[in-house]
Amino acid sequence: MNHPEKTPDLASGAGPESAASTPAAAVPANGTPAAAGRPTPGVNPRRAVPVLLFLFIFCLVVDQGFKFTSQPMAAALSLSESTVSLQATLTGVLIGIGAVVYSALADSVAIRKLLYLSLGLIVVGSVIGFVGSASFGVVLVGRVVQTAGLAAAETLYVVYVTKHFQGVELKKYLGFSNMSFQLASLIGTLVSGFLATYVSWTWMFLIPLLIVLSLPFIRTRVPDDVEHTSSGVDVYGLFLVGVIATGLIMFMQDFTWWWWIPVVVATVLFVHHVRTNSRALVDASFFTNRPYISALVIVFIIYSVNLAFVFLFPFAIHGVHGMAMDKVSLLTIPGYVLGASTAAMSGAVSRRLDSRQAVTLALCLLALALAVAGVFINVSVVAMVVAMAMFSVGFGLLYAPLMSSALLLMPAAKSGVAVGFYNLVINVASPIGEAYTAMLMSSKPTWFAGLSVGGSAQGDYFSTILWFLVGVTLVGLVVYRVLFGLIERNNAKAAERLTTQQ
């Protein structure tokens with residue numbers, strides 16, 4: 001239950017972001033950190049912070065609200081789970097790619113102008129979605145346009161504070177984004193749950209229109225200055241990443257094999273692009289850095305489970321226990337509170353557990369949470385709430401030590417773009433996990449129904465999917481232990497850092 005920025009200090013008291021707590025990159029695409037502490041003379045950069053933080057929270061509320069709206073949307077439009085998931089999976093990929101694009105554009109275009117563009121896209125997309133809410137195709141177009149704007153507002157807060165602040169003050173403002181993500185996720189879930197129950201899910205398209213009220217504050221408080229330091233956006237590289245992610249998501253809709261053609265072609269072109277272009281999205285040397293590439297493999301496996309359980313949760317509670325969406329949304333409160341608390345205490349945890357211990361503990365918690373849900377889904381809503389809480393704690397604990405493991409041998413000069421690409425992979429993996437979960441929900445397998453206490457037609461296939469997610473998590477745990485075990489044995493420097501109290 002978690003969305004990451006340029007982490008200032010993975011063991012600081014401010015704590016890192018959880019994987020879903022910030023945009024996919026808060027550094028320019030060229031990997032050069034934005035200049036800090038150099039505001040325009042005579043302008044107090046702190047005046048813009050409340051406005052940008054409000055937009056950050058507001059857009060996260062909208063984004064999370066639509067993720068939780070999948071169940072009532074599917075019921076209203078007679079859609080399968082795999083089809084309705086497109087409004088969250090495709091937009092999830094767009095959020096990740098958009099964050100990289102906007103963070104790079106912010107080095108050559110004033111943040112105020114980018115915010116105007118953001119608000120325009122949000123309004124236009126929301127109007128399209130609301131007016132065409134009877135057609136899922138139109139809804140999907142509206143969500144894509146809307147999300148192109150949401151990605152900017154979610155990114156630019158982090159970009160702004162890294163440009164204008166440093167040291168303790170920077171950590172304070174970045175810490176706000178971590179807590180704000182959990183708050184926004186909770187608000188979005190509650191708002192969408194109550195709207196779907198008492199009004200209509202389509203009203204989630206009207207909520208974003210309130211953002212126009214922020215225009216006077218943007219004009220008077222957000223500076224219009226810009227330092228032209230960008231070397232440009234790797235549009236071609238990002239396009240290839242988008243093709244790969246979209247191809248995988250579309251393949252999972254109905255297992256049409258030809259979707260693998262664009263995936264394979266785009267993968268080959270991306271590898272060639274990275275190897276031959278010095279301005280590519282990511283440096284080719286990253287893929288010879290064993291800790292970094294190992295962490296990316298683990299991230300792709302584990303973070304696919306993140307949105308998978310969040311997506312499944314309301315369908316399972318409503319389907320098995322017949323609970324209305326407003327009450328389902330209330331069940332997520334303990335999870336978000338504990339997730340925020342765990343992320344906030346990541347600095348204290350890192351002083352007691354080294355990276356290997358923390359990652360292992362986090363992955364065991366995730367597997368246990370999913371197993372609890374798989375066993376008791378038919379008999380207890382309380383067990384599902386406990387499982388979601390444990391799940392949130394696991395992801396709150398995971399981000400910092402896994403990131404630290406990825407950067408074991410990464411040169412400091414390349415750490416910025418390394419973090420950006422790492423978080424982009426998270427934003428691609430999460431919707432892919434949601435896509436394969438939605439596909440399983442549509443096919444309703446019952447392979448592992450015998451592992452659940454009690455039995456019901458709905459509960460049997462939800463239990464099977466949960467046990468499948470347990471298996472994915474355990475694969476991630478084994479891969480982590482094997483790959484980083486090999487790294488420890490073959491590289492003394494990495495082994496020392498991996499087992500150091502961080």
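Select Lys 67 and Asp 63 to start: they form a salt bridge, with the closest N and O atoms 3.0 Å apart (a side-chain nitrogen of Lys or Arg within 4 Å of a carboxyl oxygen of Asp or Glu). This is a predicted model, in which local features need pLDDT of at least 70, side-chain atom pairs count only at pLDDT 80 or more, and totals for chains, interfaces and linings use all residues. Residues are numbered from 1 along each chain as its sequence is written, and side-chain values use heavy atoms, with hydrogens and water left out.

A search of the whole structure finds one salt bridge. Lys 67 and Asp 63 are four residues apart in helix H1, so about one helical turn separates them. Both Lys 67 and Asp 63 are buried (under 20% relative accessible area, 1.4 Å probe, protein chains only).

Next, show H1 (residues 49-68) with H2 (residues 70-77): their axes come within 5 Å and cross at roughly 50 degrees. H1 is therefore oblique to H2 (angles under 35 degrees count as roughly parallel, over 145 as roughly antiparallel, 65 to 115 as roughly perpendicular and the rest as oblique). Select Phe 66, Lys 67 and Phe 68 of H1, then Ser 70, Gln 71, Pro 72 and Met 73 of H2, to see the contact (heavy atoms within 4.5 Å). Its residues divide into four nonpolar, two polar and one charged.

Finally, go to His 273 in helix H10 (residues 260-276). His 273 is buried, at a relative accessible area of 7%. Leaving aside residues up to four places away in sequence, His 273 touches Asp 234, Tyr 236, Gly 237 and Ala 280.

Notes:
Axes fitted to C-alpha atoms, helices over the stretch in contact; angles between N-to-C directions. Helix = DSSP H or I, 4+ residues; strand = E, 2+ residues; numbered from the N terminus. Nonpolar A, V, L, I, M, F, W, Y, C, P; charged D, E, K, R; others polar. Buried < 20%, exposed > 50% of the residue type's maximum accessible area, 1.4 Å probe, protein only.
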